[in-house]
Each structure stands twice: as structure tokens, then as C-alpha cells.
Amino acid sequence: VLSSWKGSLKHSHQPRLPTGEFYRLMNVVCEEVLGGYPSILVACSPVDSNVIMGWLCAEATSEAVVLWMCCVHPSYQQEKVAKRLLFASLASLDGQAGPGLLYCAQTRFDEHVERLGATHISWAKALRMRGK
């Protein structure tokens with residue numbers, strides 16, 4: 001999960017940072033996010049449970065559900081894996097979070113979560129929401 005989290009963000013969002021600096025930054029960010037014990041859902045292949053199709057990391061806060069990151073292996077991107085993970089995550093966090101829906105990592109799924117009413121938020125702001 002961590003490897004794909006960092007790798008997908010490196011290739012899609014931070015080409016300006018040198019590789020070493022990017023991974024030092026992401027190591028700190030991921031450690032901080034995971035330190036709050038978010039929910040991580042993993043979608044495995046129905047044929048082989050050792051094959052990970054994708055995963056989603058989310059957390060309930062008093063203000064909203066925070067979608068930290070979602071990553072789907074390219075081989076499964078047309079199979080609605082992200083959508084199923086998102087709805088499963090929202091169902092599992094139902095009643096534990098405030099009414100909002102926020103996402104941190106900007107990915108190709110932004111348009112889909114925005115249609116559900118999600119708003120983009122910075123990693124730093126999302127991390128500060130934990131203390132409220």
C-alpha cells in the first residue's frame with residue numbers, strides 16, 4: 001500500500017521535486033496519516049486473494065470523511081474498483097464522521113468524488129482536523 005501510494009503521487013503530481021526529497025516528504029506524510037489509524041480497505045481479486053486490485057485509505061473526523069488516497073492497479077481501472085472501495089468505505093464510516101466529504105490526493109478520480117459532493121483539501125488541513 002505504501003509503495004503504491006508514494007509511487008503514484010510521485011509520477012502524477014510532484015515531478016518538480018527531486019526523487020529523494022519527494023520520498024522523504026511522503027514518508028513523513030504517510031507516517032502522520034497512518035499514525036491516526038485510518039481505515040484502509042483492500043480489494044483483492046475474487047480469483048486469487050493474493051492479487052491486490054486496489055486500496056483506499058479514509059478516516060472519519062468530526063467534520064467529514066477524509067479520503068486520504070485511493071490507488072487501483074492499472075489492470076483493474078476499468079472495473080469500478082475505486083467506486084466500490086469508496087462506497088464500502090463510506091458505509092463503514094457512516095455515523096462516525098461529520099457531514100462533509102473531503103479528499104487530499106488529487107488523482108484521476110477527482111471528478112467522480114466531486115460529483116458525490118467531495119471537496120479538495122490540503123494534507124496539512126486534513127491532518128489538523130484530527131484535533132477537533
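A residue is taken as buried when its relative accessible area is under 20%, as exposed when that area is over 50%, and as partly exposed in between (1.4 Å probe, protein chains only). In the predicted model, 38% of the 132 residues of the protein chain count as buried. Local features need pLDDT of at least 70 and side-chain atom pairs count only at pLDDT 80 or more, whereas totals for chains, interfaces and linings use all residues. Residues are numbered from 1 along each chain as its sequence is written, and side-chain values use heavy atoms, with hydrogens and water left out.

The protein chain holds five helices and five strands, assigned as DSSP runs (helices: H or I, at least four residues; strands: E, at least two) and numbered from the N terminus. Their order from the N terminus is α-α-β-β-β-α-β-α-β-α. The radius of gyration, taken over C-alpha atoms, is 14 Å, which agrees with the value near 14 Å for a compact globule of 132 residues under the rule of 2.2 Å times the number of residues to the power 0.38. Along the principal axes, the C-alpha atoms fill a box of roughly 40 × 35 × 25 Å.

Of the contacts (heavy atoms within 4.5 Å) with a separation of 6 or more, 54% are between residues 24 or more positions apart.

Serine 89 lies in helix α3, which spans residues 81–93. Serine 89 is buried, its relative accessible area being 0%. With neighbours within four places in sequence left aside, serine 89 is in contact with Leu41, Leu56 and Ala58.
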